[in-house]
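Q: I am new to this structure. Please show me how to read its features one by one.

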Amino acid sequence: MSELTESIQALSTSQALLKEFAKNMEKDRTFGKEAYQEKINDIRDYANGLAIVTYLVPAQNQTVFGDVSLQEILRTQLGQIQNVIHALRTPEGASEAEATYDLKESDVRRMVSSLQGMIEMNNLMRKEEDVVFPAKYEEAQFKEKPVATSEKKGFFQKLFGK
């Protein structure tokens with residue numbers, strides 16, 4: 001496999017992992033709430049945006065061992081996107097894109113521009129709060145503990161002490 005195909009394959013596989021991460025966030029009791037819906041939608045939009053390149057190569061199944069961190073996925077994807085851009089800009093990559101994927105020079109140029117936009121979105125998402133799904137637990141946890149808010153007890157909670 002060539003450098004371009006390997007780079008796209010790696011990005012496609014991590015895109016599938018990110019989509020699965022968004023599904024797990026939505027199913028989780030903590031992150032399934034409406035307050036986190038914008039973050040989940042941002043993750044989905046970003047993952048779908050990667051399809052500008054990943055449609056060329058199907059994703060491979062990947063088994064994940066250990067904790068899954070959103071920041072780690074995004075950092076990895078940043079390097080993968082940069083690898084794809086680099087591969088597309090080389091003469092060998094451009095000729096391979098034309099021969100293997102039937103992409104014209106204008107297609108490659110649009111892909112590179114779109115991937116540069118994806119890098120910006122990646123950078124913005126990495127500035128946000130990290131979410132970690134531990135390997136052994138069903139519920140997600142914050143990397144940094146959120147500030148506890150004081151809850152008002154309702155009438156029945158005061159009455160029954162719960």
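A: Start with helices and strands: they are DSSP runs, numbered from the N terminus (helices are H or I with at least four residues, strands are E with at least two). The model is predicted, so local features need pLDDT of at least 70, side-chain atom pairs count only at pLDDT 80 or more, and totals for chains, interfaces and linings use all residues. Residues are numbered from 1 along each chain as its sequence is written, and side-chain values use heavy atoms, with hydrogens and water left out.

Q: Where do Arg109 and Glu105 lie?
A: Both lie in helix 6, four residues apart, about one turn of the helix.

Q: What counts as a salt bridge?
A: Side chains of opposite charge can pair when their charged atoms come close. The rule asks for a side-chain nitrogen of Lys or Arg within 4 Å of a carboxyl oxygen of Asp or Glu.

Q: How many salt bridges does this rule give?
A: The count is four. One of them joins the side chains of Arg44 and Glu26, at 2.7 Å from N to O. This pair links distant parts of the chain: Arg44 sits in helix 2 and Glu26 in helix 1, 18 residues apart.

Q: Which residue forms a salt bridge with Lys39?
A: Glu128 does, with the closest N and O atoms 3.3 Å apart. Lys39 is in helix 2 and Glu128 is in the loop between helix 6 and strand 2, so the pair ties together parts that are 89 residues apart in sequence.

Q: Is Lys39 buried or exposed?
A: Lys39 has 12%, so Lys39 is buried. Glu128 has 35%, so Glu128 is partly exposed. Arg44 is partly exposed too, because its value is 27%. Glu105, at 66%, is exposed.

Q: How do I read a pair of aromatic rings?
A: Such a pair is described by the distance of the centres and the angle of the planes. Rings of Phe, Tyr and Trp (its six-membered ring) pair if their centres lie within 6.5 Å; planes under 30 degrees apart are stacked, over 60 edge-to-face, and the rest tilted. Here the count comes to one aromatic pair. The ring centres of Phe31 and Tyr36 are 4.8 Å apart and their planes stand at 75°, so the pair is edge-to-face. Phe31 is buried, with a relative accessible area of 0%.

Q: What is a nonpolar core?
A: It is a set of buried Ala, Val, Leu, Ile, Met, Phe, Trp, Tyr and Cys residues joined through side-chain atoms within 4.5 Å. The largest one has 38 residues, and Ile8, Phe21, Met25, Tyr46, Ile81 and Leu88 touch the most other members. Helix 4 (70-89) is among the elements that supply at least two residues. Helix 4 gives the most, with nine.

Q: Which residues does Ile8 touch?
A: Contact means heavy atoms within 4.5 Å. Leaving out residues up to four places away in sequence, Ile8 touches Val53, Thr54, Leu56, Val57, Val84 and Tyr101.

Q: What about the phi of Asp102?
A: Most residues other than glycine have a negative phi. Asp102 is not a glycine, yet has a positive phi of about 55°. Asp102 is in the loop between helix 5 (91-101) and helix 6 (105-126).

Note on methods. Buried means under 20% relative accessible area, exposed over 50%, partly exposed in between (1.4 Å probe, protein chains only).
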